[in-house]
Each structure stands twice: as structure tokens, then as C-alpha cells.
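Work through the exercises below with the sequence and the 3D view side by side. Try each task before you read its solution.

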Amino acid sequence: MAYSYDDDNIFARILRGEIPNDTVLETEHCLAFRDIAPQAPEHILVVPKGRYVTYDHFALEASEAEIADFTRTIGRICADLGVQPGDGGAGYRLISNAGENGLQEVPHLHVHILAGRRLGPLLAKG
Ligand code: 5GP
């Protein structure tokens with residue numbers, strides 16, 4: 001399967017430092033920053049530094065080190081936010097939109113971490 005990556009997408013430009021961002025955490029393989037149009041009191045985007053378009057692309061082609069770093073970064077942010085249900089937190093939701101049916105706007109893999117309020121049903125109708 002060939003994925004075509006657009007080096008001019010907005011998150012590639014953020015990763016190159018061409019556009020400012022509100023960084024929450026940076027690791028060897030990831031950058032996490034606040035969404036510019038937050039949909040919840042906490043709305044953080046976690047982005048791998050590698051050229052991956054979607055979650056499936058990353059899951060199939062990223063290195064073990066990249067996958068471990070991405071997964072641990074999401075866990076660390078949940079812990080830093082204090083939202084882990086197993087530790088008395090009120091919970092959160094992870095979303096990763098992919099492609100046309102997923103209504104993905106930015107073609108660089110990102111996971112949304114949403115927290116800080118009751119988030120409602122998983123999907124809106126339509
Ligand atoms: P998608 O629909 O691709 O899953 O979500 C893209 C997200 O990126 C949206 O929630 C949107 O608000 C956010 N976004 C788009 N442009 C920028 C930007 O320049 N900076 C930041 N921090 N977020 C952005």
C-alpha cells in the first residue's frame with residue numbers, strides 16, 4: 001500500500017517550526033500541542049514527527065520505537081492532565097480521523113485527546 005504524504009500540510013509546517021504552536025510535550029518522536037480551535041476544555045493533538053498520513057499508515061510502517069513513543073506520550077499527557085479513570089480522573093476521549101469518511105482535515109497523523117467535560121455521544125448523526 002502506497003501512502004502519499006504532503007510535505008506542505010499544516011502539521012508538517014508546525015513540526016519544521018514554520019508555524020507557532022502551544023506545545024504540551026515534545027519527545028524524540030512526537031510533538032503534542034493544543035488544538036487551535038478547542039472542542040473541550042482540554043484538547044491536545046499528539047503528532048508523530050515522521051511522515052505518516054493516518055493511524056493505519058503509522059501502525060503498519062512506523063518503527064517499534066516510534067510506536068512506543070507515540071503511545072507512551074498519549075499516556076503521559078493523560079497522566080499530566082489528571083484524567084485517568086484508574087487514578088480518580090474523570091476520563092477522556094481519543095479520536096483519530098482518517099481520510100474522506102473520517103473527515104480528516106490535516107493529512108498528517110494526529111490523535112485528539114479531549115477532556116475536561118462530558119463529551120456526549122461518540123458520533124453525531126449524518
Ligand atoms: P482533523 O479533522 O484532521 O482530525 O483535525 C484537525 C485539527 O487540527 C482540528 O481540530 C483543527 O482545529 C486543528 N488545527 C488546524 N490547523 C491548526 C493549526 O494551525 N494549529 C493548531 N494547533 N491546530 C490546528
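A residue is near a molecule if one of its heavy atoms lies within 4 Å of that molecule. The model is predicted: local features need pLDDT of at least 70, side-chain atom pairs count only at pLDDT 80 or more, and totals for chains, interfaces and linings use all residues. Residues are numbered from 1 along each chain as its sequence is written, and side-chain values use heavy atoms, with hydrogens and water left out.

**Exercise 1. The ligand**

Task: Find which residues come nearest to the ligand, and look for polar contacts, meaning pairs of N or O atoms within 3.5 Å.

Solution: 
- Step 1. There are 16 residues around the ligand, and D35, N97, E105, H110 and H112 come nearest.
- Step 2. Start with side chains. A polar side-chain atom of N97 lies 2.9 Å from a ligand oxygen atom. For H112, a polar side-chain atom lies 2.8 Å from a ligand oxygen atom.
- Step 3. Now the backbone. A backbone N or O atom of E105 lies 2.7 Å from an oxygen atom of the ligand.
- Step 4. Check the cover. The ligand taken alone exposes 520 Å², and the protein buries 86% of that (Shrake-Rupley method, 1.4 Å probe).

**Exercise 2. The nonpolar cores**

Solution: 
- Step 1. Know the term. A nonpolar core is a set of buried Ala, Val, Leu, Ile, Met, Phe, Trp, Tyr and Cys residues joined through side-chain atoms within 4.5 Å. Buried means under 20% relative accessible area (1.4 Å probe, protein chains only).
- Step 2. The largest core has 17 residues; V46, F70, I74, I77 and I113 have the most contacts inside it.
- Step 3. Two or more residues each come from β2 (30–34), β3 (42–48), α3 (64–81) and β5 (111–115).
- Step 4. Pick I74. Beyond its neighbours within four places in sequence, I74 is in contact (heavy atoms within 4.5 Å) with V46, L94, V111 and I113.
- Step 5. A second, separate core of 7 residues includes F11, F33, V47 and V106.

**Exercise 3. An aromatic pair**

Task: Classify the ring pair of F11 and F33.

Solution: 
- Step 1. Rings pair if their centres lie within 6.5 Å; planes over 60 degrees apart count as edge-to-face, under 30 as stacked, and the rest as tilted.
- Step 2. The centres of the F11 and F33 rings are 5.4 Å apart and the planes are at 80°, so the pair is edge-to-face.
- Step 3. Locate the partners. F11 is in helix α1 (residues 10–15) and F33 in strand β2, 22 residues apart.
- Step 4. F11 counts as buried at 7% relative accessibility. F33 counts as buried at 3%.

How values were computed
Buried < 20%, exposed > 50% of the residue type's maximum accessible area, 1.4 Å probe, protein only. Helix = DSSP H or I, 4+ residues; strand = E, 2+ residues; numbered from the N terminus. Polar contact = N/O pair within 3.5 Å; in protein donor to acceptor, adjacent residues only side chain to side chain. Phe/Tyr/Trp six-rings, centres within 6.5 Å; stacked < 30°, edge-to-face > 60°.
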